[in-house]
Every structure is written in C-alpha cells, then in structure tokens.
Amino acid sequence: MWQLTSAVRFYPWGSRTVIPELLGRPSPAERPHAELWMGAHPDEPSVLADGRPLDKAIMEEPERLLGPAVVERFGARLPFLMKVLAAETPLSLQAHPTMEQAQAGFTAEEAAGVPHEDPARTFKDPWHKPELLLALTTFEALCGFRPVEESLHCLAKLQLPELKPTIAALARGGLQAAIPQLLALSGMRRTHLVEVVAQRAASFVAAHDPEFINTYRWAATLAEAYPGDPGVVISLMCNHLKLAPGEAVFLPAGNLHAYLSGAGVEVMASSDNVLRGGLTSKHVDLAALIEVLDFSDGRIPVIHPVLGPGGLRYPVPVEDFDLTRAQLDEQAGPFTTRGPQVVLCAEGRAVLAGTDGELVLEQGQSAFVPAGVPVTARGPAVLYRATTNVR
C-alpha cells in the first residue's frame, strides 16, 4: 500500500472552498480548485510515497499492481481515474466517444500529425470515457435529452418566432435534425436567437411560472456567461438533474451533458477525450460531436447505492471502474478487492492495515492498494473506493 500525492487542477469554473477544505488548506483559496485527480492518467499521475509516478510503477510491475485479469483486459494501465470535482459555475456541454470511435479518431489524428497539445486536437487518446458522478453536495447537471414531446412544449411555451425553425426541425426530424441545425447557425442569427431566448426565459422566471422554471432559470444564467452560445438553446432540450448528496448518475458514451453546480466524487475510464458542444470558449469539432452524440431521448435514471462488500456500491454497466462508499467505525473490517484500488478518505481518519503494516489516511489523503492485497480498514471515517469491475 502506498499513500498518494495527487494534483489539483485549477479551472475558472472551480470552487475556492470545497477542495481546499477537503485538503486542509486555507479557504477560500486564491484560485478556484476544480478537480483533484487520483490515479495514473499520464497527464497528471499521482505519485507514490517512494517517489514513482503511479503510471510508471504500473508499467514496471503490471501484474503485481493490477492483477492478471485487469492486465489481460486493459493492458499495463490503470483503467480508471478518480476525481473530486467542485463546480462553482457551469462546465461546457460535452459528450464522450465509444471505444471504437475513440480508436478511429485517435488513429486518424495521429496519421495526420496533429500535435497532442494542439487546441484543435479532438481525440487525445484511444480510450472511451464513461463516467459516474456521486454527489457530495446538492449537484445540478444537464444530462441527456429530455423526451421530444416535452422539449417541443418547453420551446413552444416561449412563443418566439425565432424558435420556429428549431421547433419545426424537432417535430419533423427529431433531435438528429434540431441539434445540428442549432450548432450550425451563423454568428449573428445565433447571437440574436440566444439573446431573445434568454430574455423570454428570464421573464417566465420573474413571473414565478413553475413550469420549466429550473430549465428557464439556467438558460438565462448560461446566456449571461456564454452570450451567443447555441448551448443555451440546446439546454432547453436536456434533462435537468438535481442530485441529493449520496445520489449518483452514470454517463455513457454519446450522452450530452454539462455539470452546472455542486461537488462530487467522479470515477471514469482513464481518458481525456472530450467533445464539446457549447458553453465554452474552447474548440468545438462539430462533425466529430455529431458523430458521437446519442440522440436518444428520455429520462436519465438516478443511481442509488446497493449494499456490497465493504460498503455502499454504485453499480455501473462497464468493466473499467466500480465505486463504493464506506462508512467505517472503530472496528476493523475487510477491504480487499480482486482489482487495484484507489482509496480517498473524505471524512475522519482511516487506518488501512495489510501484511506490510498500517497506513493512516487523514481527511483529503488517498492511497493505492495493489490487486488482491489483503487489507482491513477502520475509522471512524468515510472512504470512497474506486476499483475495477472485472469479474
């Protein structure tokens, strides 16, 4: 077992309080702390107590650290990344590719010689990026497309002639017709459309009209931050999700989503492939985005935990990762997994005990435990454990 030293990423949308307080640093911090990365992603690998970056250590001893089953399935790489994410302001509208789409896109850009650091580069690696977000605080997000009939009503309620082409496209050809049409609008038409939609949405909020009030409130808020961005109009056609602490949502490939506010533990396949569709100043690859988007409509289920080995487990339909929340008391209990594990102490003080001794984790500290290593854990503490879902 090794304690990890992990990096914080600083983005403008981050919080100045959540991650600093978790890490025991001064709060509010001078800079917004957006993400704490725990894992072996080559862009920001955690460092073991012996000074080795975790990705390098795994390459040196893959079977000992990952276990034979994980190496056979994923190669000599940790297939998941765990983060603490804290959003003070909204993130971009985005989607992630399937494994096949990621491999094809990455291969094409490699062959074309597009530098990895190029802002216009779309595929950073050949991996997919399904995600699970577990709310630590009340967490709001746009997640997938709401039922088409509901979207039609939400748009029509605004009674704007500028929305008639979008409504007609949605009614005639569904989301596959309406979304590309919005993304392809020219500058002046797009700016005007977003402006009038935001103004009308704000008027319904001011009148305390309860129907779609959260959707309209966020549309008006997003337009202030991203004037002229088509993502404002697209947000009207997305499910608005509000998670209570302890609830989670799984985001598969192709799901269009945007985290709006709140803090959570996020576990994902270890990839950095993000295709943005709006609410951003960064590169938008329209053709690639349309290619990966899943235009299915309907509700996105909230995931509630089930009792599993070691604590409350959040089931997901992928093999790359698995997440458990463990509420520890002072009695030691088994904490061994078949796959490798990254463990975060979110509250209290945890003691992990194995054949090589004990490792104490204070709040905000994390550890890496190799596959199959016998280990027990005691508190009082709250731990979040990421491992693989390979059986």
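Contact denotes heavy atoms within 4.5 Å. The views show a predicted model, in which local features need pLDDT of at least 70 and side-chain atom pairs count only at pLDDT 80 or more, while totals for chains, interfaces and linings use all residues. Residues are numbered from 1 along each chain as its sequence is written, and side-chain values use heavy atoms, with hydrogens and water left out.

**View 1. Surroundings of Y216 in the largest nonpolar core.** Leaving aside neighbours within four places in sequence, Y216 is in contact with C154, K157, L158, A201, F204, V205, E211 and L236. Y216 is, with I179 and I234, among the residues with the most contacts inside the largest nonpolar core, which has 50 residues. Such a core is a set of buried Ala, Val, Leu, Ile, Met, Phe, Trp, Tyr and Cys residues joined through side-chain atoms within 4.5 Å; buried means under 20% relative accessible area, exposed over 50%, and partly exposed in between (1.4 Å probe, protein chains only). Helix α9 (residues 187–206) gives the most to this core, with eight residues. Helices (H or I, at least four residues) and strands (E, at least two) are DSSP runs, numbered from the N terminus.

**View 2. The second core.** A separate core of 43 residues includes L4, I19, L78 and F80.

View 3. Helix α5 (residues 99–111) has 13 residues and should span 18 Å at 1.5 Å a residue, which agrees with its end C-alpha atoms being 18 Å apart; the expected span is 1.5 Å times one less than the number of residues. M99, A102, G105, F106 and E109 are the buried residues of α5. Seen down the axis, they fall within an arc of 135°, so they line one face of the helix; the arc is that of the directions from the helix axis to the C-beta atoms. The face turned away from this buried side carries the exposed residues E100, A104, T107 and A111. G113, with a positive phi near 75°, follows α5.

**View 4. Strand β17 and its partners.** Of the 14 residues of β17 (residues 341–354), 10 are buried. Two strands pair if DSSP finds at least two bridges between them. β17 is antiparallel to β18 (residues 357–362), with six bridges, and a hairpin joins the two through two residues. R349 stands opposite E362 in β18. Six bridges also join β17 to the antiparallel strand β21 (residues 381–387), where V382 lies opposite E347.

**View 5. Further pairings of β17.** Four antiparallel bridges link β17 with β19 (residues 366–369), in which F368 is the bridge partner of V342. β17 also pairs with β20 (residues 375–378) in the antiparallel sense over four bridges, and L352 stands opposite A377 there.
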